[in-house]
Amino acid sequence: MYNEDKPPLFKSWTSWYYLVIGFLILQVVFFALFTKYFA
Amino acid sequence: MSTPDWIVLVATLLSIIIYGIYRSRTTRDLDGYFLSNREMPWYLILLSIMGTQASAITFLSAPGQAYTDGMRFVQYYFGLPLAMVVLCITFLPIFHKLKIYTAYEFLEKRFDLKTRTFTSFLFLLSRGLSTGISVYAPSIILSSLLGWNIYITNIIMGGLLIIYTVSGGAKAVAYTQQLQLGIVFTGMFLAGYTVVKLLPEGIGFSDALSISGKMGRLNVITTGQTDQGFDWTDRYNIFSGVIGGFFLALSYFGTDQSQVGRYLTAKSIRESRMGLLMNGLVKVPMQFFILLIGALVFVFYQFNPSPLFFNKIPIEEVRQTSYRDSLSAIEKQHAVLIEKKKQAVAKLPSIVSAQADAEEEKVLTEMKGLQKEEEALRSQVKKIIKSSQVKGEANDTNYIFLRFVMDYLPVGLVGLLIAVIFLAAWGSIAAALNSLASATMVDFHKKFLSKGQSDEQEYKTSRLYTLGWGIFCIVVAELVTGMGSLIEAVNVLGSWFYGVILGIFLVAFYAKRVGGNAVFWAALAGEVLVIGMYIQTNLAWLWLNAIGAIAVIIFAVILQGTIFQKERDKG
């Protein structure tokens, strides 16, 4: 049966949640380095 | 504005209206009108969510914020990705399972009718007034800079989108938002590219970043720490951004019908989830690039004379008052300062090309000092504008980017950027009108006024409500014209209600033992606390969302355990 809640690319939605949170952390680290570098 | 700019502006706006009408075909019932028959793919959900959140002020204000205060405003969005995850785990499955039209329907199923009606009323009050301001805010900026009549600008800003919003409902809103965002991003990218091209020869993109950073405009991460400890009145820092921003985003995306109504149009819960999660991925970078344009505009004005105040209207008005001599004295000081700035930066391109770091540091230190002097002069002008009580805001942040566009961008691009302002406004206003109509129809009309209407009658009534809210918002925009202080008050209104509404929903999801009476009275008490704190303290407004939500949860649990304990036992 087609599962209408099956996530694309990953096996579970939890992996998507980790991706979103991980990307946020990565951005914050990048912004911190960006701020420090150009200050 | 030149004729080619007018052609670009009118052609862009007309194409959106025609496209909106073309996409208006939908089934003549509530499902078709408010939820696009629940058939939207995730990428349209994403664009619709983004188009609803990004108003005209987003594109006008953010570059101005970066110019005056640096890029730290981006931290305001740090809580958003976290909120998207919580929404997908908690709110979304319940909303989809119940097949609701408005978020507030869920509250009746979980609590009672009065809690649903109260929450929906708070939404209608705050969203109705703030949408009126969303019409007025960009109109006053355009009318000031272009000399347009403010009353007519209000009507164009809030009126033309009504044509396709009334006829096509949620479907027309989503499809036009897709096209609008495409044009908006193209316009902003071209503006950013042109700023760099307009910099003097020898100053490239990385040099511009270096200058901007040295002059304090690339302060993306700030901690809010001072010598006296954490500054609770500091508006944007990483802590208020992550915590306050999380509660604000959770409330806005989880309980505000203008957003809930967008992702309920998805053809499945999977599409809703993807739309929300992709929003969590792209929102922060998007805001970063909009702010970066402002930081680059700041560098541009280091090499070109910057206006003392970016909105000409209040300056001209001050000239007619007894403050004209004070203003004239400041203008003379500013002219001297501009000349000093010109001499200081003249050496910079050759120094940068020769990579003479010590020399560059010396010039930048001198420029920093001159910038501080200029900021002091700008503060004095703002004080004069306030004291003289002339018409117009004493804050010109929202005028900076558009003034730059008008003064320096090439013909054609000016028209496109003016169109960008209209389209950004239309995207969020159209979604707001659709959501106001759906809450009125589903939470009030169907509940209290007429229960037995046919699908066709409900569809027609819904169109009338959309039209009615459109007219209401234009009337609000016309009424607030010339009432500067009231505008700020209405903008603050959202932060009074968002936290409390979120608190009601969080109790519904997580405090299973709390009933309708406890949460209703807790919400009222929470509202009093939030408004009281706003009046009595200088707390930065982002914190009010967290305080409102947490207060409702605590009050509800206490009330349920004490005054309303018997009700629970009976239940």
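## Cysteines

In this predicted model, C88(B) has 0% relative accessibility and so counts as buried; buried means under 20% relative accessible area, exposed over 50%, and partly exposed in between, with a 1.4 Å probe and protein chains only. C473(B) is also buried, at a relative accessible area of 1%. The whole structure contains 0 disulfides over all chains, a disulfide being a pair of cysteine sulfur atoms within 2.5 Å.

## Basis of the values

Residues are numbered from 1 along each chain as its sequence is written, while chains are lettered from A and ligands numbered from 1 in the order in which they are written. The model is predicted, local features need pLDDT of at least 70, side-chain atom pairs count only at pLDDT 80 or more, and totals for chains, interfaces and linings use all residues; side-chain values use heavy atoms, with hydrogens and water left out.

## The A–B interface

Chain A places 22 residues in contact with 29 residues of chain B. Contact means heavy atoms within 4.5 Å. The two chains bury about 2,400 Å² between them, 78% of it on carbon and sulfur atoms. Buried area is the accessible area (1.4 Å probe) that two parts lose on being put together, summed over both. Y17(A), F31(A) and F38(A) supply 26% of the area that chain A buries against chain B, more than any other three residues.

Across the interface of chain A and chain B, the rule finds 0 salt bridges. A salt bridge is a side-chain nitrogen of Lys or Arg within 4 Å of a carboxyl oxygen of Asp or Glu. Polar contacts do cross the interface: 5 residue pairs, both residues at pLDDT 80 or more. A polar contact is a pair of N or O atoms within 3.5 Å; within protein, one must be able to donate a hydrogen and the other to accept it, and residues adjacent in sequence count only if both atoms are side-chain atoms.

## Salt bridges

Over all chains, the structure holds 18 salt bridges. One joins E375(B) and R217(B) at 2.8 Å, N to O. That pair links distant parts of the chain, 158 residues apart: E375(B) lies in helix α16 of chain B, and R217(B) in the loop between α9 (205–214) and β1 (225–226). Helices (H or I, at least four residues) and strands (E, at least two) are DSSP runs, numbered from the N terminus. E375(B) is partly exposed at 31% relative accessibility; R217(B) is buried at 6%.

R72(B) and D69(B) also pair, at 2.8 Å, N to O. R72(B) is buried at 13%, whereas D69(B) is partly exposed at 23%. The side chains of E271(B) and R270(B) meet at 3.1 Å, N to O. Both of these residues are buried.

R116(B) sits in helix α7 (residues 113–146) of chain B. The residue is buried, with a relative accessible area of 4%. Its side chain makes a polar contact of 2.7 Å with the side chain of D443(B). A network of salt bridges links E108(B), R116(B), D443(B) and K447(B). Not counting residues up to four places away in sequence, R116(B) touches several others, including Y104(B), L107(B) and V442(B).

## Helix α14(B)

Helix α14 (residues 324–346) of chain B has 23 residues and reaches 33 Å from its first C-alpha to its last, close to the 33 Å expected. The expected span is 1.5 Å times one less than the number of residues. Its buried residues include L327(B), I330(B), H334(B) and K341(B). The buried residues of α14(B) pack against α12 (269–303), α13 (312–318), α15 (348–353) and α16 (357–388) of chain B.
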